[in-house]
Amino acid sequence: MIAQFILSILLGGILLYAWTECRRSPAVSFLSVVVATAGLYFVWVPSHSTQLAQWVGIGRGVDLILYVWVCISLILLLSLHLKLRMQMELVTMLARKLALADARRLLSEKAKPAPAQGDLGFFPSPMLAPTLEPQTHKTYH
C-alpha cells in the first residue's frame, strides 16, 4: 500500500509537470499525460496489467511495464542524441561562418595601405601602438 502512494505521488508530479509544459510542447505533454494516467491505473489495479501482459504473451504485468519503460527510455535517448547532434552541427556551422567572416575582415584590413612612419607618433614599434580592437594571437609562418 505504501508503494502505491509513493508511485501515485511520483506519477501525479509527472501529470503536474505535463500540464505546466502543455503550451511549450503539446506532443510531449500529451504523451506524458497518457503514460502517467496509464501508470496510475496500473498502480491501483495491478491485476489488469497482469491480464494485459498475458494477453500479449508476457508472464507478469510488472515485466510488461518494465519492457515498455525500457522501450520508451531508449526512444527518448535516441531523440535527445539526435537533437544534441543537430545542435553541435549548428554550432560547427556558425563557428565556420564566424571564422570565415573574421578571415575576410583581416584580409581586407591587410589590403589597406600601411600607415606612414609619422602616423605612429612616439611609438617605436607598430606592436606598441594603441588599437581600437583587442589584439589576437598572431602566428607567423
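Read from the N terminus on, the elements of the protein chain run α-α-α-α, and in this predicted model the chain holds four helices and zero strands.

The overall figures for the protein chain are set out below.

| Property of the protein chain | Value |
|---|---|
| Share of the 141 residues that count as buried | 12% |
| Accessible surface | about 12,400 Å² |
| Share of the accessible surface belonging to carbon and sulfur atoms | 73% |
| Share of contacts with a separation of 6 or more that join residues 24 or more positions apart | 33% |

**Packing of α3 and α4**

Two packed helices are described by the angle between their axes and the distance between the axes. Helix α3, which covers residues 46–56, packs with α4 at an angle of about 75°, and the two axes lie 7 Å apart. Because angles of 65 to 115 degrees count as roughly perpendicular, α3 and α4 are therefore described as roughly perpendicular to each other. On the α3 side the contact is made by S49, T50, L52, A53 and V56, while α4 contributes G61, L64 and I65.

**A nonpolar patch on the surface**

A nonpolar patch on the surface is formed by L66, Y67, W69, V70, L74 and L77, which together have about 660 Å² of accessible area. One of these residues, L77, has its place in helix α4, which spans residues 61–111. Is L77 buried or exposed? L77 counts as exposed, because its relative accessibility is 55% and the cut-off for that class is over 50%.

Terms used. Residues are numbered from 1 along each chain as its sequence is written. This is a predicted model: local features need pLDDT of at least 70, side-chain atom pairs count only at pLDDT 80 or more; totals for chains, interfaces and linings use all residues. Side-chain values use heavy atoms; hydrogens and water are left out. Patches are made of residues with over 30% relative accessible area and no salt bridge: like charges are joined within 9 Å, nonpolar side chains (Val, Leu, Ile, Met, Phe, Trp, Tyr) within 5 Å. Accessible areas come from the Shrake-Rupley method with a 1.4 Å probe; for residues, only the protein chains shown count as cover. A salt bridge is a side-chain nitrogen of Lys or Arg within 4 Å of a carboxyl oxygen of Asp or Glu. Helices (H or I, at least four residues) and strands (E, at least two) are DSSP runs, numbered from the N terminus. Buried means under 20% relative accessible area, exposed over 50%, partly exposed in between (1.4 Å probe, protein chains only). Axes are lines fitted to C-alpha atoms, for helices over the stretch in contact, and angles run from 0 to 180 degrees between N-to-C directions. Angles under 35 degrees count as roughly parallel, over 145 as roughly antiparallel, 65 to 115 as roughly perpendicular and the rest as oblique. Contact means heavy atoms within 4.5 Å.
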